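Subject: Structure for you, with notes on helix packing and salt bridges

Hello,

Here is the structure I promised to hand over. My notes follow below it.

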Amino acid sequence: MSQVEQNNKLCVEGRPPFECTALLLQGGGALGAYQAGVYEALAEAGIHPDWVAGISIGAINSALIAGNPPERRVEKLREFGSALPPTSSEEERRIS
C-alpha cells in the first residue's frame, strides 16, 4: 500500500494522516479556558491526541487530558475551569 493510500485510509478511519497526534499547550492563565475549548472541538471531531504536553496552565490541562479516559476529559477540564478564581480583568468588569 502506498503512503497516499495509507493516509487516505487513516482519514477514512477518523484519524488525521499522521502516525502520532500531539497537543502542545502553552501557559498564560486565561488561555486555559481556550485550551479546554480546543480540546473539546478536537474530541468532537474524533481526534484524541497520542501525546499531550504543556507549561503552566497548559501543563495542568495536559495532566487532566492525559489522566482521564477520553469520555471524561472534557468534563474534567470544565470542572477545573469552573473552580478557578476570576482573572483580574474579569474581576474589574464585575466591579465596574
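Ala36, Tyr39, Glu40 and Ala43 in H2 meet Arg73, Val74, Leu77 and Arg78 in H4. The residues of this contact divide into 5 nonpolar, no polar and 3 charged. Bear in mind that the model is predicted.

Now the geometry. Two packed helices are described by the angle between their axes and the distance between the axes. Here the axes of H2 and H4 come within 10 Å. They cross at roughly 165 degrees. Angles over 145 degrees count as roughly antiparallel, and H2 and H4 are therefore roughly antiparallel to each other. The crossing of H2 past H4 is left-handed.

Next, the salt bridges. How many are there by the rule used here? The count comes to 3.

Glutamate 40 and arginine 78 form one of them. Their side chains meet at 2.5 Å, N to O. Are the two partners buried or exposed? Glutamate 40 is partly exposed, at 21% relative accessible area. Exposed means over 50%, so arginine 78, at 52%, counts as exposed.

Another bridge joins arginine 72 and glutamate 75, with 3.4 Å from N to O. Arginine 72 is partly exposed, with 34% relative accessibility. Glutamate 75 is partly exposed too, at 35%.

The remaining bridge pairs glutamate 79 with lysine 76. The closest N and O atoms are 3.6 Å apart. What separates these two residues along helix H4? About one helical turn, because they are 3 residues apart in that helix. Glutamate 79 is partly exposed, with a relative accessible area of 42%.

One more residue to look at in H2: valine 38. Its relative accessible area is 42%, so valine 38 is partly exposed. Valine 38 and leucine 23 are 15 residues apart in sequence. In space, the C-alpha atoms of valine 38 and leucine 23 are 9.8 Å apart.

Best wishes

Note on methods
Residues numbered from 1 in each chain as written. Predicted model: local features only at pLDDT ≥ 70, side-chain atom pairs only at ≥ 80, totals over all residues. Heavy atoms only, no water. Salt bridge = Lys/Arg side-chain N within 4 Å of Asp/Glu carboxyl O. Buried < 20%, exposed > 50% of the residue type's maximum accessible area, 1.4 Å probe, protein only. Helix = DSSP H or I, 4+ residues; strand = E, 2+ residues; numbered from the N terminus. Axes fitted to C-alpha atoms, helices over the stretch in contact; angles between N-to-C directions. Parallel < 35°, antiparallel > 145°, perpendicular 65-115°, else oblique. Left-handed = near helix turned anticlockwise from the far one by under 90°. Contact = heavy atoms within 4.5 Å. Nonpolar A, V, L, I, M, F, W, Y, C, P; charged D, E, K, R; others polar.
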